[in-house]
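Visitor: Please show me the model. I would like to go through its side chains and loops with you.

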Amino acid sequence: QVQLVESGGGLVQAGGSLRLSCAASGRTDSMGWFRQAPGKEREFVSAISRNGGVTYYADFVKGRFTISRDNAKNTVYLQMHSLKPEDTAVYYCASGPNTLVIQTTPTYWGQGTQVTVSS
């Protein structure tokens with residue numbers, strides 16, 4: 001059982017930046033981020049392989065968000081720039097066996113961190 005704990009959410013103005021962090025209690029393979037806006041389904045945002053060599057992004061964040069990880073700290077990051085009001089959501093960290101499977105069926109989930117972007 002791996003526990004994932006997100007941090008770094010908050011309130012930011014449109015055009016601003018935030019960096020989310022997710023600390024895992026142990027070794028993880030692929031890690032990723034999802035988000036869920038009010039009244040909407042949870043959606044995939046980004047994923048990264050264990051060695052960091054493979055990354056995936058949803059089209060709506062390409063060029064604005066960057067995923068990275070520090071295996072020595074068992075931590076994955078999501079650097080978010082040029083934030084838009086439509087990025088407002090609860091952001092969830094997840095882990096899974098590889099960068100393809102994690103996009104649909106992660107093994108573990110974090111509790112989520114709220115990101116609110118004001119216009």
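**Contacts, rings and loops**

Guide: Start with a polar contact: a polar side-chain atom of Thr-113 lies 3.3 Å from the backbone nitrogen of Gly-9. A polar contact is a pair of N or O atoms within 3.5 Å; within protein, one must be able to donate a hydrogen and the other to accept it, and residues adjacent in sequence count only if both atoms are side-chain atoms. This is a predicted model, where local features need pLDDT of at least 70, side-chain atom pairs count only at pLDDT 80 or more, and totals for chains, interfaces and linings use all residues. Residues are numbered from 1 along each chain as its sequence is written, and side-chain values use heavy atoms, with hydrogens and water left out.

Visitor: Is Thr-113 buried or exposed?

Guide: Thr-113 belongs to strand β11 (residues 113-118). Strands (E, at least two residues) are DSSP runs, numbered from the N terminus. Buried means under 20% relative accessible area, exposed over 50%, partly exposed in between (1.4 Å probe, protein chains only). Thr-113 has 11% relative accessibility, so the residue counts as buried.

Visitor: Leaving aside neighbours within four places in sequence, which residues is Thr-113 in contact with?

Guide: Contact means heavy atoms within 4.5 Å. With neighbours within four places in sequence left aside, the list for Thr-113 is Glu-6, Ser-7, Gly-8, Gly-9, Leu-20, Ala-89, Val-90 and Tyr-91.

Visitor: How many aromatic pairs does the count come to?

Guide: Rings of Phe, Tyr and Trp (its six-membered ring) pair if their centres lie within 6.5 Å; planes under 30 degrees apart count as stacked, over 60 as edge-to-face and the rest as tilted. By this rule, the count of aromatic pairs is 3.

Visitor: What kind of pair do Phe-34 and Phe-44 make?

Guide: Their ring centres are 5.6 Å apart. The planes stand at 75 degrees, so the pair of Phe-34 and Phe-44 is edge-to-face.

Visitor: Which strands hold Phe-34 and Phe-44?

Guide: Both residues are buried. The pair ties together parts that are 10 residues apart in sequence, because Phe-34 is in strand β4 (residues 30-36) and Phe-44 in strand β5 (residues 43-48).

Visitor: Why is the pair of Tyr-92 and Trp-109 classed as it is?

Guide: The centres of these two rings are 6.4 Å apart. Their planes are at 90 degrees, so the class is edge-to-face.

Visitor: How many residues apart are Tyr-92 and Trp-109?

Guide: Tyr-92 is in strand β9 (residues 89-96) and Trp-109 in strand β10 (residues 108-109). The pair links distant parts of the chain, with a separation in residues of 17.

Visitor: The charged end of which residue sits over the ring of Tyr-92?

Guide: A charge sits over a ring if NZ of Lys or CZ of Arg is within 6 Å of the ring centre and within 35 degrees of the ring normal. Over Tyr-92, the distance to the ring centre is 3.8 Å; over Trp-109, 4.4 Å. At both rings the charged end belongs to Arg-42.

Visitor: Where is Asn-74 found?

Guide: Asn-74 is not a glycine, yet has a positive phi of about 50 degrees. Asn-74 is partly exposed, at 22% relative accessibility. Its place is the loop between β7 (65-70) and β8 (75-80).

Visitor: Which residues is Gly-16 in contact with, leaving aside neighbours within four places in sequence?

Guide: Gly-16 is in the loop between β2 (10-13) and β3 (18-24). Its relative accessible area is 18%, so Gly-16 is buried. Beyond those sequence neighbours, its contacts are Met-80, His-81, Ser-82 and Leu-83.

Notes. Helix = DSSP H or I, 4+ residues; strand = E, 2+ residues; numbered from the N terminus.
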